[in-house]
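Please look at the sequence and the model first, and then follow the text.

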Amino acid sequence: MASKLFIFIFFSSLPFVVLSQSFSTIQLPQNVRAPVSLTFDPLGKALYVAVSDGRILWLNSKFGFTDFAYTAPTRTKQLCDGTTNPDLGPVCGKPYSLSFSRRGDLYIVDAYFGLLVVGRNGGFATQLATSAEGVPFRFLTALDVDLLTEIPGVPPDATGRFMKYDPRTRQVTVLLRGLSRPSGVAVSLDRSFVLVSENSANRILKYWLRGRKANTAEILISLPAAPNQIKRNPVGDFWVPIRAVANQQPTSVIMPIGLKINRFGVVLASISFSAQYYNVSVSVALELNHALYTGSSFNAVDFVGAYTI
Ligand SMILES: *[C@@H]1O[C@H](CO)[C@@H](O)[C@H](O)[C@H]1NC(C)=O
């Protein structure tokens, strides 16, 4: 009962607006599941989705979801398309997070192939950074343009790192260490700071890139549940899905909630995803043109969600 009470306290103590909403689904191709990450191209025209069979798909009005890019040089469509077999990750790829540069290159982090980039025409992505030991990064979890987070080791631990990759010098710089399962990063609109979510610590950090506090981090907000990926919206606020858990005897049930927070850590709005995402986590919530698009790393999910907000 403890966690139920916890959620109740959370809902009743924060003065945020609960959004009214209508919901529709954008169905993934047959057998394709777990749309873990979403992004729009820099013009906000096309939606790109990373799915669990290792592909990055893009949505177009003519053909629906179409192959765009692959992270694994070993990937074949015959073996990998539609697979949910986790053992095939090292062969098929496991993209986790997507972010376009302003120039229109798509940066990708993949659990097995690290940091990659692919140009406008898509296809096989090029691996970029490797660790100091010269091997590809493993367990990269999130990126925004040229900032990365990584979970080495088995979570939950406090060995996650937050890093910066400079495409010109190809240097990787570690900005923060000792993070508890960093799961999301988002750079502010004015590029003065970046938010980093710590999944196992139930909080979001604010790391200053510029100004008086440059190169230091502070806790932006402590949350009642684990935060996932963070996405900036067009006006510079941020959406982060959290994974609340309620005890429903005899088992527990995951209650995914989306929070909109501003640069000061004030919760501006919340949205419950429970009705559409029963007992699964939402990994990403991406806002564009009064719609909130949602994805999940769970194999039970075979659609991209679209809430009107
Ligand atoms: C929710 O999912 C978990 C596994 O992730 C399962 O153990 C639990 O029984 C489910 N709860 C309900 C109420 O279906």
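Strand 5 and strand 6 form a hairpin, with three residues between them. Strands here are DSSP runs of E with at least two residues, and they are numbered from the N terminus. The model is a predicted one, in which local features need pLDDT of at least 70 and side-chain atom pairs count only at pLDDT 80 or more, while totals for chains, interfaces and linings use all residues. Residues are numbered from 1 along each chain as its sequence is written, and side-chain values use heavy atoms, with hydrogens and water left out.

**Strand pairing**

Two strands pair if DSSP finds at least two bridges between them. Strand 5 (residues 55–60) and strand 6 (residues 64–70) run antiparallel and are joined by six bridges. Within this pairing, Leu59 stands opposite Phe65 of strand 6. Strand 6 is also joined by two bridges to strand 10 (residues 123–124), and these two run parallel. Here Tyr70 stands opposite Phe124 in strand 10.

**Aromatic pairs**

Rings of Phe, Tyr and Trp (its six-membered ring) pair if their centres lie within 6.5 Å; planes under 30 degrees apart count as stacked, over 60 as edge-to-face and the rest as tilted. By this rule there are 13 aromatic pairs. One of them is the stacked pair of Tyr48 and Trp58, with 6.3 Å from centre to centre and 20° between the planes. Tyr48 lies in strand 4 (residues 47–50) and Trp58 in strand 5, so the pair ties together parts that are ten residues apart in sequence.

Is Tyr48 buried or exposed? Buried means under 20% relative accessible area, exposed over 50%, and partly exposed in between (1.4 Å probe, protein chains only). Tyr48 counts as buried because its relative accessibility is 8%, whereas Trp58, at 28%, is partly exposed. Tyr48 also pairs with Phe100: the ring centres are 5.0 Å apart and the planes stand at 70°, so this pair is edge-to-face. It links distant parts of the chain, since Tyr48 is in strand 4 and Phe100 is in strand 7 (residues 95–100), 52 residues apart. Both Tyr48 and Phe100 are buried. Elsewhere, Phe23, Phe273, Tyr277, Phe303 and Tyr307 form one aromatic cluster.

**The ligand**

The residues around the ligand are Thr251, Ser252, Tyr278 and Asn279. The table lists polar contacts, which are pairs of N or O atoms within 3.5 Å.

| Residue atom | Ligand atom | Distance |
|---|---|---|
| Thr251, polar side-chain atom | nitrogen | 3.4 Å |
| Ser252, polar backbone atom | nitrogen | 2.9 Å |
| Asn279, polar side-chain atom | oxygen | 2.3 Å |

Taken alone, the ligand exposes 370 Å², and the protein buries 48% of that; such areas come from the Shrake-Rupley method with a 1.4 Å probe.

**Two loops**

Ser192 lies in the loop between strand 16 (182–187) and strand 17 (193–198). Ser192 is buried, with a relative accessible area of 10%, and its side chain makes a polar contact of 2.8 Å with the side chain of Asp190.

Most residues other than glycine have a negative phi. Asn289, in contrast, has a positive phi near 50°, and His290 has a positive phi of about 60°. Asn289 lies in the loop between strand 25 (284–288) and strand 26 (291–295), and His290 is placed in the loop between strand 25 and strand 26. Asn289 counts as exposed at 64% relative accessibility, and His290 is exposed with a relative accessible area of 59%.

Methods
Near = heavy atom within 4 Å. Polar contact = N/O pair within 3.5 Å; in protein donor to acceptor, adjacent residues only side chain to side chain. Helix = DSSP H or I, 4+ residues; strand = E, 2+ residues; numbered from the N terminus.
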